[in-house]
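Visitor: I have the sequence and the coordinates to hand. Could you walk me through them?

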Amino acid sequence: MEDFALMDICHKRNIPCLCIRSVSDHAGQNKSSENIEDVFADYSSNEIQNSKEFASQKLGEALKKIFENISI
């Protein structure tokens, strides 16, 4: 919602604006358990690490394309 307000003001004033948002947590991150090993078991998962690396790579590619097309 905050991004929309910022983008709306920029649009009305004809100011170029780009908002980038990300999610830094993953499903189950805040789960609780009596057994501490159960709570942190997902963090060492290769699947989660691979997903984060894939998402970071795709974000980097998208940002590169965006910035290549911005003329100052």
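Guide: The protein has 3 helices and 0 strands; both kinds of element are DSSP runs, helices being H or I of at least four residues and strands E of at least two, numbered from the N terminus. From the N terminus on, the order is α-α-α.

Visitor: Where do the coordinates come from, and what was counted?
Guide: This is a predicted model: local features need pLDDT of at least 70, side-chain atom pairs count only at pLDDT 80 or more, and totals for chains, interfaces and linings use all residues. Residues are numbered from 1 along each chain as its sequence is written, and side-chain values use heavy atoms, with hydrogens and water left out.

Visitor: What does pLDDT average here?
Guide: The average for the protein is 75, and 61% of the residues score at least 70. pLDDT is the predictor's confidence in each residue, from 0 to 100.

Visitor: OK, surface. How much of the protein is buried?
Guide: Of the 72 residues, 7% count as buried. Buried means under 20% relative accessible area, exposed over 50%, and partly exposed in between (1.4 Å probe, protein chains only). The protein exposes about 6,700 Å², with 54% of that supplied by carbon and sulfur atoms. Accessible areas come from the Shrake-Rupley method with a 1.4 Å probe; for residues, only the protein chains shown count as cover.

Visitor: Which residues make the nonpolar surface patch?
Guide: Leu-18, Ile-20, Leu-59, Ile-66, Phe-67 and Ile-70 make it, over about 520 Å². Patches are made of residues with over 30% relative accessible area and no salt bridge; like charges are joined within 9 Å, and nonpolar side chains (Val, Leu, Ile, Met, Phe, Trp, Tyr) within 5 Å.

Visitor: Take Ile-66. Where is it found?
Guide: Ile-66 is found in helix 3 (residues 46-68). Its relative accessible area is 34%, so Ile-66 is partly exposed.

Visitor: Now salt bridges. How many does a search of the whole structure find?
Guide: The search finds 2. A salt bridge is a side-chain nitrogen of Lys or Arg within 4 Å of a carboxyl oxygen of Asp or Glu. Side chains of opposite charge can pair when their charged atoms come close.

Visitor: What does Lys-12 pair with?
Guide: Lys-12 pairs with Asp-8, and their closest N and O atoms are 3.1 Å apart. The two are 4 residues apart in helix 1 (residues 2-12), so about one helical turn separates them. Lys-12 is exposed at 64% relative accessible area, while Asp-8 is partly exposed at 26%.

Visitor: And the other one?
Guide: That salt bridge joins the side chains of Lys-58 and Glu-61, at 3.5 Å from N to O. Both residues lie in helix 3, 3 residues apart, or about one turn of the helix. Lys-58 is partly exposed at 40%, and Glu-61 is partly exposed at 34%.

Visitor: How many disulfides does the structure hold?
Guide: The count is 0, a disulfide being a pair of cysteine sulfur atoms within 2.5 Å.

Visitor: Last one: what is phi at Asn-14?
Guide: Phi of Asn-14 is near 55°, a positive value in a residue other than glycine. Asn-14 is found in the loop between helix 1 and helix 2, and is exposed, with a relative accessible area of 71%.
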